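Try each task before you read its solution.

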Amino acid sequence: ATLGAEAAPILVDALRGSDEALAHAAIMSVRGGAGTGVGDYVALLDGMPPARRALLILALGDRGDKTALEGVMPYVDSDEAEVRLAALEALGTLGDASCLEPLALASVTTRTREVRETARGALVRLTGEGIEEALRTRALDADADAAVRAELIRCLASRYDVSATPGLLAVASNASAPEPVRVASFKSLAVLASSEELPALVELLGQVDNSKLEHWAALAVLAVAQETPDEKERVALMLDAFKGAQTPGTKAAICKLLGQLGDEAYLDVLRQAWREEKGAVQEAALRALADWSDRAALDDLAVIVSSAESELHRSLALRGMLRTVARAEGISDEERLAFCLRAFAAAENVQDKKLVLARLGALGGPEARGLIEQYLTEPELAQEAALALRRNIEGTWTAFASHGREVAPLALDLDLSLIHI
């Protein structure tokens, strides 16, 4: 590897020969930069066994001499898996703007995860003059293949090209753009957009026309909002976005996001939306309250459970109240029981009553047990009541023994017909 031009013939002979150890040593020398160029080594590729060809391609890639690109490029489509992977890997260092589409195409057309990940990795590593501009141009080209565009848009995020953000916003907002391209744009915007683009993203969220796009648009808004370092700024941006929303769709989408962000500063907006809005916006506000992460919305849900005119709204509030009772901290057992009693009083369908019974079973204690027992004889609820009673008792009783402690719990067979409380 310390030799110059005189090294090339020696290495070529070793690479052509049948001695695998010598050939491997020659490949290591090529990787290390032996010789004054790579033309002689590239010329050998076609006549080599696949395993050796793959190793030499990788060595040429590691060497980084871009004059090897022309010789390596044909092997990107090789039928020999190890050779194809080596060529894709090498393009990450040897490649230029001409490699963008072949690498993207390799990623989107393969069924092999290793090929896809290798091609994507090479796209991210490409260097050289004009790469970034060429990538942006091709990714945002409306006439390019949709699958290739989506892959290149994904690459923009992986390379963290924030200068692509305006173009991605334009693509995401273009209703005539293919859905995979718009989805890829929202995914990349989740990485690249800043708080400055948050209002535009929120507006886009209200304009998307199907659930898949709405999902990815919402995740983009959520990601950007969560990355806004100043909490006051984040809260102000989201509240301003809601106030400035022009359509019910946008308002409903923002309500959903406010629930996911979970800042207590959003609760008043959600409460107001529940009281004053109608249709999808009112329902979105209720769902956000029902999914609140702590007990801050619990009293609101209890009121809605008792007063909602719509069975759907009452059921959503009831289920949210039960989830909160189950998971939120800072609620005493007495409060949990009281909320369950309010839920039972408001439950009008069998399914909701079953949910309340299940929550009562988890509570334990004689008060909950007494309420459960009242429903053991009701045909539609008897099975759920029996299960709840079993769970209540399991959480209350413990078996002790001076001998055979490991089998003592078997004394509690929980045969409900034999239990006297």
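**Exercise 1: Two sides of a helix**

The model is predicted. On one side of helix α23, Pro-366 and Glu-367 are exposed.

Task: Which residues of α23 (residues 366-373) are buried, and what do they pack against?

Solution. 
- Step 1. Apply the cut-off: a residue is buried under 20% relative accessible area. In α23, that picks out Ala-368, Arg-369, Leu-371 and Ile-372.
- Step 2. Look down the axis. These four residues cover an arc of only 165°, so they lie on the same side of α23. Pro-366 and Glu-367 are on the other side.
- Step 3. Find the partners. The buried residues of α23 pack against α21 (333-346), α22 (350-363) and α24 (382-394).

**Exercise 2: A crossing of two helices**

Task: Describe how helix α1 (residues 7-16) and helix α2 (residues 20-32) meet.

Solution. 
- Step 1. Take the axes. They come within 8 Å and cross at roughly 135°.
- Step 2. Name the arrangement. Because of this angle, α1 is oblique to α2. A roughly antiparallel pair would need an angle over 145 degrees.
- Step 3. The crossing of α1 and α2 is left-handed.
- Step 4. List the contact. α1 contributes Leu-11, Ala-14 and Leu-15. α2 contributes Leu-22, Ala-23, Ala-26, Ile-27, Ser-29 and Val-30.
- Step 5. Sort the contact residues of α1 and α2 by class. There are 8 nonpolar, 1 polar and no charged.

**Exercise 3: A second pair**

Task: What is the angle between helix α15 (residues 231-244) and helix α16 (residues 248-261), and which residues make the contact?

Solution. 
- Step 1. Read the geometry. α15 and α16 pack at an angle of about 160°, with their axes 9 Å apart.
- Step 2. Compare with the cut-off. Angles over 145 degrees count as roughly antiparallel. α15 and α16 are therefore roughly antiparallel to each other.
- Step 3. The crossing of α15 with α16 is left-handed.
- Step 4. List the contact. From α15 come Met-238, Ala-241 and Phe-242. From α16 come Lys-251, Ile-254, Cys-255, Leu-257, Leu-258 and Leu-261.

Definitions and conventions:
Residues numbered from 1 in each chain as written. Predicted model: local features only at pLDDT ≥ 70, side-chain atom pairs only at ≥ 80, totals over all residues. Heavy atoms only, no water. Buried < 20%, exposed > 50% of the residue type's maximum accessible area, 1.4 Å probe, protein only. Arc of directions from axis to C-beta. Contact = heavy atoms within 4.5 Å. Axes fitted to C-alpha atoms, helices over the stretch in contact; angles between N-to-C directions. Parallel < 35°, antiparallel > 145°, perpendicular 65-115°, else oblique. Left-handed = near helix turned anticlockwise from the far one by under 90°. Nonpolar A, V, L, I, M, F, W, Y, C, P; charged D, E, K, R; others polar.
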